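Subject: Handing over the two-chain model

Hi there,

As promised, here is the structure for you to open alongside this note. Please have a look when you get a moment.

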Amino acid sequence: MTYLDHAATTPMLPSALAAMTEQLARVGNASSLHASGREARRVAEQSREQLAAALGARPSEVLFTGGGTEGDNLAVKGLYWARRAADQARRRIVASPAEHHAVLDSVEWLEKHDDAEVTWLRVEPDGRISPDALAEALGDGRDVAVASVMWANNEIGAVSDLAALAAVARAVGVPLHTDAVQAIGQLPVDFAASGVDALTMTGHKLGGPMGAGALLLRRDAECTPLLHGGGQERDVRSGTLDVAAIVGLAAATRSAVDERGERAARLTALRDRLVAGVVAQVPDAQLNGPALDDVVAGGPGRLPGNAHLSFPGAEGDALLMLLDARGIECSTGSACSAGVARPSHVLLAAGADPARARSSLRFSLGHTSTDADVDELLAVIAPVVERARRAGMGGH
Amino acid sequence: MRLIAAMSGGVDSAVAAALAVEAGHDVTGVHLALSPDRQTLRSGARGCCSVEDAHDARRVADSLGIPFYVWDLADRFREDVVEDFVAEYAAGRTPNPCLRCNEKIKFSAVLDRALALGFDAVVTGHHARLADGELRRSVDAAKDQSYVLGVLTARQLAGAVFPLGSMTKDRVRELAAERGYAVATKPDSHDICFIPDGDTRGFLARRLGEQPGPVVDATTGATVGTHAGAYGFTIGQRRGLGVSTGDQRPRYVLGIEPVSRTVTIGTAEQAEVDEVVTRAPTWTGPVPELPFTAAVQLRAHGTPVACTVSGTEEGGLRIEFGERQRGVAPGQSAVLYAPDADRGDRVLGQGTVLRAGERSAALHT
């Protein structure tokens, strides 16, 4: 099996697995007042401190969630509701159309059901959002409830300059949320230094467990809860803390952040070899997103583990199926709930034509990726593309 | 063989896929997303490719341990099946969308893609037998689907596998239950998949709008009523004519003339014809030498009747019935069988009815 889909999910890091399984054997509700409860709380709070330290946040800014989708929903809806409650004129949401569906669908839900007006940001051809585009969309900001721009795009790997974007939003008093699910562990992410008001992260993209994540939320950011109940997380999020998952999340985050520099350098070299090898064999393959050596704010302009390529004349889903049959696992981007592969909305938002968007594949590398994985892909990509081209773009 | 199993989410295609796997074939499951309304893909509304159906198909594929994908053929389905259906009704004809789907989607778009991707054939859960290139009726006469497959050519049949033709539907359900599939008890689908509420007239009215016209008695030539759209009628139809003709004898639709929107009605005797002329036929095997005798079936669950088949100057077929038939509409497929009951009647081919009428008289149009 050649796993080239780490942006979908990546194997757990051994340290996270060990910490989590150890905690799973223990009893204790972190909200209980007795000794078992106190011990569970100690472990959860220690994890909160570790996570905060790894990401440049204060422990009180860490709200544990059930993962990236919850974090995005909570930030977009919660900030919108709280800001509009404080001033009814704030009904506008400014967001990138290249966001993950957890943000996009939250924004569209508010537009459809809760009176929001949406201003979609202009996307650069390489997939990122420029500070100018944000400034233009915010205007004087007085009617804006919340803005949301992802740190690094999950499909084409485009990295935006969140510090510059946050400065633009701050200047007009608008809270900025960022979905940093793909960024952490691959890019330097410092919550305080970035100046953003809310940041979504999740465990399973960086070697932690599924179903555990966090929303980093500034102390002064008002956020209306989605989940009401025990008020465990600053009264913004309720639910019994999943202490074992939280331990795994914190351990994975610490490890991913500590080893980021070395890992990113290795993945960059591997990714560059993958892209060069594919293009050598399929000369008309097109790289989507920023150039491999692109730089943003002094750092990588593209996620180190991300390669996103279009193969003109071939359908993405045919390519995926043929590679799958040869034991190589990658992604075409999003699928609807019935499982229909969709043309990448990210590429469409970045101005690509639908045929190019439909003919694309994402290969994403992670901590277990090796040269052998790249070799496996390069051994089959040419005949697979040729075969998929024979099947053509028919039926669509 | 390397096979694509077309998996609808129903019990038949589930068992067909399972039998193909158990026979040792290398099987990949494919669910066809056909809904003309993409929203139903997300909202879970019932329809030809609801989320539940895709889920049911995926569950079976996963338990078989075979790869499974969803192919988006919604655009092709809309063009080749749904729009064809609407256009045929608008032209006063009576189409069979299931037959069209087999002809244009399952054994054309899907089969072509499967072959191009390196597969050998498409396996489906149709109730029909296929052996040595010969298409025959299912042993389960009540579930036989050979009629809607009658349009397939020898080339298409060479790329088809039908594992269920030698068993009854009850046996299919037993096999599904033995394998633990939740779809073992899933109800059969009856309606046209893109009209899940079964209201064909309402569907056509939404698509074609109100097109009022006269209802004319064939004997007297008198206008005996009006209608909101000729597309709401099918030749041979008796119920819902909305006219009163004085006597108590039932009236049937004899003809539909789309330009003047005239629906002609008449008595049972007038509704009967003894031959049809078809468009150019398709054959499931070698082209037979004309003329020949056969049995013809005119609708999916119709009763076959003996017939003599000859050619027309336009390259179509003239099919003379051994006994008079009521309610034969242009657009229907006349599927020809060679009666050899012991081995299951063999499907020879079909022609789409152009006009029906009397041997000795001018044909109705």
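Below is what turned up, with chain B first and chain A after it.

A word on conventions: this is a predicted model, in which local features need pLDDT of at least 70 and side-chain atom pairs count only at pLDDT 80 or more, while totals for chains, interfaces and linings use all residues. Residues are numbered from 1 along each chain as its sequence is written, and chains are lettered from A and ligands numbered from 1 in the order in which they are written.

**Chain B: domains**

Chain B is divided into domain 1 (2–185), domain 2 (210–266) and domain 3 (273–357); the bounds come from an automatic or database domain assignment. Between the C-alpha centres of domain 2 of chain B and domain 3 of chain B there are 27 Å. Their contact takes 4 residues from domain 2 of chain B and 4 residues from domain 3 of chain B (two residues are in contact if their C-beta atoms, placed from the backbone, lie within 7 Å). On the domain 2 side of chain B, the residues that touch domain 3 of chain B are 2 nonpolar, 2 polar and no charged ones. Here Ala, Val, Leu, Ile, Met, Phe, Trp, Tyr, Cys and Pro count as nonpolar, Asp, Glu, Lys and Arg as charged, and the others, Gly among them, as polar.

**Chain B: sheets**

Helices (H or I, at least four residues) and strands (E, at least two) are DSSP runs, numbered from the N terminus, and two strands pair if DSSP finds at least two bridges between them.

An open sheet of 5 strands in chain B has the order 3-2-1-4-7, with parallel pairing. Its edge strands, each pairing on one side only, are strand 3 (68–72) and strand 7 (160–161) of chain B. Strand 1 (residues 2–6) and strand 2 (residues 26–33) of chain B run parallel and are joined by 5 bridges; Ile4(B) has Thr28(B) as its bridge partner in strand 2 of chain B. Helix 1 (residues 11–22) of chain B packs on this sheet and touches strand 1, strand 2, strand 4 (121–123) and strand 7 of chain B, its direction making about 165 degrees with that of strand 1 of chain B. Axes are lines fitted to C-alpha atoms, for helices over the stretch in contact, and angles run from 0 to 180 degrees between N-to-C directions.

Another open sheet in chain B has 4 strands in the order 9-8-11-10, with mixed pairing. Strand 9 (223–227) and strand 10 of chain B are the edge strands, and the twist averages 25 degrees from one strand to the next. Strand 8 (residues 213–217) and strand 9 of chain B pair in the antiparallel sense over 4 bridges, with Gly225(B) in strand 9 of chain B as the bridge partner of Val215(B).

**Chain B: local points**

The 14 residues of helix 3 (residues 51–64) of chain B should span 20 Å at 1.5 Å a residue, and the end C-alpha atoms are 20 Å apart, which agrees; the expected span is 1.5 Å times one less than the number of residues. Among the buried residues of this helix are Val51(B), Asp53(B), Val60(B) and Leu64(B). Gly65(B), with a positive phi near 70 degrees, follows helix 3 of chain B.

Most residues other than glycine have a negative phi, and most peptide bonds are trans. Two spots in chain B are worth a look here. The bond from Leu290(B) to Pro291(B) is cis, with omega near -10 degrees, and Pro291(B) sits in the loop between strand 13 (282–283) and strand 14 (292–297) of chain B. Arg261(B) has a positive phi of about 60 degrees and is partly exposed, with 19 other C-beta atoms within 10 Å. For burial, a residue is buried if 20 or more other C-beta atoms lie within 10 Å of its own, exposed if 12 or fewer, and partly exposed in between, with C-beta atoms placed from the backbone.

**Chain A**

Asp115(A), in the loop between helix 4 (101–113) and strand 4 (117–120) of chain A, has a positive phi near 70 degrees and is exposed, with 11 other C-beta atoms within 10 Å.

In strand 14 (residues 360–364) of chain A, 5 of its 5 residues are buried. Strand 12 (residues 306–310) of chain A runs antiparallel to strand 14 of chain A, joined by 5 bridges, and Ala307(A) stands opposite Phe363(A).

Best wishes
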